Amino acid sequence: MTDRTADPQDPRPLIGEPLSLDLLNTRWSGTPVNDLLAQPDGHAVWLSSAGLAGRCRADEAGLAALHEAREALAAAVGDLDRDGTIGAAALAGLNGVLAHGRLRRELGPVGPVSHVEVDGPPWLAAWLAVEDFLGLLEQGPHRIRRCAHEACILHFFDTSQNGRRRWCSMAVCGNRAKAARHYEKVRG
């Protein structure tokens, strides 16, 4: 398990989602769209917030692998948003990242142990993010959601008991929507 304490330099409006969605959320609304991974410094901030700074280096190769994983995840989540299935192109992207690693299990003195093995250090964070996405799919693809606010591009994993969460943040996007509805009602 990784230590998921947000880096104080992390400017993103939504932090702490499961690793795969946290990687997707390195892009957020703005004009132009904000992208934490546009610069190597942002890569280091994301690794720190994701609890991976001690396991992964913030270098060009790792950043390129993360970009590949983020694009594959974006395509897969986009397909889920439309009809609940993942298309061939998105599957190929996810499987392309997964091909760079594997989970090796063995029995240790105190029980089963799992080890992640990747082609090289640059692939570790990318592989872990895509592997995390597989776990979310197993828990319920319908719980992987995009924020309902039309101007927001953030994603979250709905862990609410009734499965009806709509906003990345009620304090931000939920309140914006409520204010807009109120304004329309008052305007008549």
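The model is a predicted one, and the points below are grouped by topic. Rolling a probe the size of a water molecule over the atoms shows where empty space is left.

**The second largest pocket**

- The second largest pocket has a volume of about 180 Å³, and its lining includes Leu24, Arg27, Asp81, Arg146 and His155.
- Helix H3, which covers residues 60–83, gives the largest share of this lining, namely four residues.

- Pro13 is found in the segment before helix H1 (19–24), and it counts as exposed because its relative accessibility is 52%, where the cut-off for exposed is over 50%.
- Although Pro13 and Asn25 are twelve residues apart in sequence, their C-alpha atoms are 8.8 Å apart in space.
- If the neighbours within four places in sequence are left aside, Pro13 is in contact with Trp28 and Leu154.

**Helix H5**

- Helix H5 runs through residues 124–139, which makes 16 residues, and it reaches 23 Å from its first C-alpha to its last, a span close to the 22 Å expected at 1.5 Å a residue.
- The buried residues of H5 include Leu124, Trp127, Leu128, Val130, Phe133 and Leu136, and Ala125, Ala126 and Ala129 are also among them.
- Just after H5 comes Gly140, which takes a positive phi of about 145 degrees.

Methods. Residues numbered from 1 in each chain as written. Predicted model: local features only at pLDDT ≥ 70, side-chain atom pairs only at ≥ 80, totals over all residues. Heavy atoms only, no water. 1 Å grid on protein atoms, 1.4 Å probe; cavity = no way out; pocket = protein on both sides within 12 Å on 5 of 7 lines; lining within 4 Å. Points joined across faces, edges and corners; volume = space filled by probe spheres on them. Helix = DSSP H or I, 4+ residues; strand = E, 2+ residues; numbered from the N terminus. Buried < 20%, exposed > 50% of the residue type's maximum accessible area, 1.4 Å probe, protein only. Contact = heavy atoms within 4.5 Å. Expected span 1.5 Å × (residues − 1).
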